[in-house]
Each structure stands twice: as structure tokens, then as C-alpha cells.
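Dear colleague,

I am passing on the structure we spoke about, and below it you will find a short account of what came out of the analysis. Please read the notes with the structure open beside them.

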Amino acid sequence: MTEWPAIADHGLIGDLRTCALVSTTGTVNWFCAPRFDSPSIFGALLDPEEGGCWVLAPDGEVSRTQQFYFPNSAVLITRFLTPDGVIEVHDFMPVSDAHEDDHRQRLVRRVTGVRGTVTVRMRVDARPDYGRCRSRTDATECGVLIEGDGVRLGLTGTTELTLDETTVQAEFTLHDGDSALFILEVLDDDEQPSPDSLDRTGSLLDATTAFWRKWLSQSSYTGRWREMVHRSAITLKLLTHEPTGAIIAAPTTSLPELIGGSRNWDYRYVWIRDAAFSLYALLRLGFIDEANAFVRWLSERLGQDADGAELGPLRVLYDIDGNLPQTEFTLDHFSGYRDSKPVRVGNAAVDQLQLDIYGEIIDSVYLFNKYGPGISNDAWSDVVHVVEWVIKNWDRHDAGMWEVRDREDAYTSSRLMCWVALERTIRMARQRGLPGDVAGWSAVRDEIYARIMDDCWNEDLQAFTQTENGDRLDASVLLMPMVKFLSPADPRFLSTLRAVEEHLVTDSLVFRYDPESDGLDGEEGTFSICSFWYVEALTRAGRLDDAQLALEKMFTYANHVGLYAEQVSATGDQVGNFPQAFTHLALISAAINLDRALDGR
């Protein structure tokens, strides 16, 4: 019987171009190269038999393991305690400077003897193209060349490497103070494995640690939950593709929302919604360079007309380069995490109409204009173009922010964010004296406001509902005071908050809606971003003790290194793609706003 690692039993490392997930057993279970959205090279997280992995662990009984980060960095340490001694594996992907022109993509693993004598085994089983290709290994003068399906990797090490046709292995013994090094490098077509990185491993580790600490030193956050906030900031940075400025939603695909179910999606893309919220979080923490880079990426999307006028000037998601992702397909040869099928590549949500994205993106532009250097004339023209489209289309039915498949409706959250799009555009025009039809925009904004107040309010429930004239609740209405639509003291919002607490909240964890309403089979867990929205709603409603307790409870659901997946199951397990940018940005916002409220009490 296959022993699956828990989704949460992983740490994240990366080089601002891609990421790897390293389990608490010392196995690299997920690694795509050279980009986040490239086919996997190690994909055992989705199929231990077919996916491929990189094992580095004691060869024998392990009493316990511990995993943690070097403080204020993305360098991961996995510590193995055995009856014979203790070893540590240090995993990282070197990054020495911002925007390195000569960046070399390497996955570095250093194992060190801490106490006693421990025999260690190492095995690299690369399976390119999502396990559809078996790699070929060839010994070279300085290491091992691993090739398959256009992928070319170089493996070097300080111990003897043993090859068979498709894998590379080693076995060695470490005493107190001994160490062994292994480096897997992504090579160009004509490159060969080089010992250069082995000779420089110490300096690479120092430079990478220094990079992360220097980057984090820009943070303006000095509040009560510094460790959690800064780990979330590092996670958001790891999910940023530095060459383009794009911010992906998560580095994985098809980790299930329900074990054994079909709610499995590919999140290795740039969701306009998620990236806009990420921009907000980065701006609040003082990371202006990342905000600048994403706004540049966004400006290129705003300046182009998307195919298909019905879907508007923006699509829901893009790949890292700003192109539309490939058509969604399934990897039928993969079993899926704990036999949860299908395993998907691509995301069909790209063909959905989701009106809320326009509010989120224009709100992020507004914040950038307010806290950053300000938007250009060209960017303003793009905003006006988007707003004119929103004016003509805001009252259409759409798939909503939760991307409901095969059914469109008049979602309250879509109406709300269309209101935000107009309201923020009006603010920018007035603050900067920018040209535009402010009177016309104001009239439509007020029309949307009236529609929400009249048609999205349910007198029987005494709450705003998921859709116009509906009777189902939705956690997205918690955003109303956060986006300045309603005062947090408004009786209608307070009544809605009580209704959400009664029907969607369970011990501080929040369901986004009744799962039976989305047309998919099976249940789902509580949505972690909604749980942090709940914290922020409590904060804004003045219930600070309740907010602080809810936040502290949410912290207990983080994994051992402070990472969150998309959801928390009924048994408290993390489920869904991991780690999730959406969750970490909501944590940052909730912590900052609660800190400010507590300081002012």
C-alpha cells in the first residue's frame, strides 16, 4: 500500500522562476523546470510510482524528523533523528541578487552529520513531462547527464554516484561534522555538468541567505505576528516570476480539495484576482519593487484586446508570459494525489466571464497610484477603456469569483467588485485631476449600489446573499466593508456577519458557501482566505477580542513551517493546491488591520 505524505508535510524552496516541494522525509516530491508551469520533472506528489522524485534520507530507522527554515530565508532544513545519530539536509535554490542576468537554475542539497554515525542513501529518479518520459543517465567527466523529452539536467556530487539506465544513486556514511553535497542543475542544450557549483556551495548558501534577509529587511511590518506575516511575504515572493513580474496562484496542480474527489485544478497560472490581492499585500508591507514589476506586467495585459469581446478586455487568468494557457487536459496515467482524479493541466476557467476581476485589478491600480510612484498616462487610458467596458456589462450573469462551472448567475460579489471598479476610477480621477466622464461613471456606480442594496439583500435572512434575489449565503460578502462599500457599523452588514457566523463559520473556519450550490460532486473544506476575511470583518466591526482569537486559531492550521494550502478539511488537514498565494495575502491583510485596531484601542 502506498504511503502518501500529507500535503502539509512539505516545505517550499525556489529561485523566483520555479519552486520545489520537499517533504519532511527528505524527498523532493514536486519540481517543475525551468518555470512554474513547465511539465514536472519530479511529480511523485501526484503519483509515487510514475511521477519521479529525489530521495535523500537515512538508510534505516528514523525516530523523528523536524523541518524548519533558516530564519528569515527560503533555505529549508530537514533534521533526521535516528538511533545512531542526527543529520541535517539543507535544501535551497540559489538566488544571490535581484534580476540576475546570468541566473543558473540549481537545486542544491547539502547533508551534514550533526551527531553520531549515520548511513545515508540518495536516489534521483527524474521523470520529465509529467512522468510520461523515462530519463536517460550518462556519466560524464564531472558528474551525470540526465536527459529526456527535451529536458537536460546535470547532477554533481561529492560522493560516488552509481548509475543505472534511468536513475542515479549513492550510499555513504556521515560522522559528526562530515557533509556531502549534491547539485541538480538545469542545463542548456550544449552544456555539460560542471563541478563549479560544488566548489562554491558554501558561498551560494551564504549569498542566498543574505539575499532573502536583505529582501525581507524592506518590510515595514513590526506588529504582533511578525513571524507569520514575514513567512507569508517570503511565500508570496517565492510565487513571483521575477523575469516577468507575474505572481502565480500556487506552484502545484490537482492537489484535491476533497481526497478522492474531482475538485482538482491547475493553479500554476496568474489569476488576475489573486495577483491583484497579492499586490495589495506587498504594497502594505512596503515591497514596492514587486508591486512595480507586477503593474508593468498588468499594463501589458490592459493594453491588449483579448480575443472574444464577450469576455471583456481581460481574461480571468494568464500564463507567466501573459498569454492564454493551453487548453485544459488530463494526465490519465497519473493516479492523482491519494487516488484523486483527474489530474489536470491547464485551466478551463480561462474561458469564463468573471466580472469581479475588474474591481480587484482597478483597486490594485488605485492602491499603486496611492502608495507607489503613480500610474502613467497610458495606464490611465487603459483603466478608462476597462471601465467603459464595465459600464456596458456589469449587470450580466457570470461564473462568479468562485469560478462555478457550467452555470452563470447574478453574483453579489461580481456586482460589488464592479462597483469598486467605478468607485476607484472616480477617486483616481478626482485625486489626480485625470480626464474622464466622472459624472457618467458616478451615475452607473450609484445604480450598481442600489441594485446590491435592493436585490442582493434578503429580508428573511437579514443578510446579503450569494446572488440577486437569492437565499444562499456566501463568505465573499464579508468584503463589503473592506472595499468601502458599507460601513462596518452598518446594521445590514452586522446582520450579514451574524448570518455568516451562524451558517458558514465553524470554530473560526469559514466555508465559502454551501458546496451543493456549485454544481460539482463531493464536499469541500473550509476556505482559508474566507477565514482570514472573517478575522478582518470582526476587526472592522469592532469585535477585536473575537478577531484576535479567530486569528490565533487560524495560525494553528498552518503547517510546521507556516504554509497554507487553499482549504482546511473537516479533520483539520490542509487540502487543495499548496501553498496558496490567496491564503497568505489574506493573512497579511488580516494581521495588519488587526494590529492597527489593537494599537488604537
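Among contacts in the protein chain between residues at least 6 apart in sequence, what percentage join residues at least 24 apart? The share is 67%, and please keep in mind, for this and for everything that follows, that the model is a predicted one.

As to the overall architecture, the secondary structure of the protein chain comprises 13 helices and 29 strands. With a radius of gyration of 25 Å, close to the 25 Å that the globule rule gives for 601 residues, the chain is as compact as a globular protein of that length, while its C-alpha trace spans about 75 × 45 × 45 Å along the principal axes.

Turning to burial and surface, 63% of the 601 residues count as buried, and the chain exposes about 21900 Å², of which carbon and sulfur atoms supply 44%. There are 55 positive and 94 negative side chains, and the centres of these two sets lie 5 Å apart.

Because its relative accessibility is 1%, and buried means under 20%, Thr18 counts as buried. Leaving aside residues up to four places away in sequence, Thr18 touches Ile13, Phe31, Cys32, Pro34, Arg35, Phe36, Met93 and Gln105. With Arg35 there is also a polar approach, in that a polar atom of the Thr18 side chain lies 3.4 Å from the backbone oxygen of Arg35.

Technical notes. Residues numbered from 1 in each chain as written. Predicted model: local features only at pLDDT ≥ 70, side-chain atom pairs only at ≥ 80, totals over all residues. Heavy atoms only, no water. Helix = DSSP H or I, 4+ residues; strand = E, 2+ residues; numbered from the N terminus. Rg over C-alpha atoms; globule rule 2.2 N^0.38 Å. Buried < 20%, exposed > 50% of the residue type's maximum accessible area, 1.4 Å probe, protein only. Contact = heavy atoms within 4.5 Å. Areas by Shrake-Rupley, 256 points an atom, 1.4 Å probe, with all protein chains shown as cover. Lys, Arg positive; Asp, Glu negative; His and termini not counted. Charge placed at Lys NZ, Arg CZ, Asp CG, Glu CD. Polar contact = N/O pair within 3.5 Å; in protein donor to acceptor, adjacent residues only side chain to side chain.
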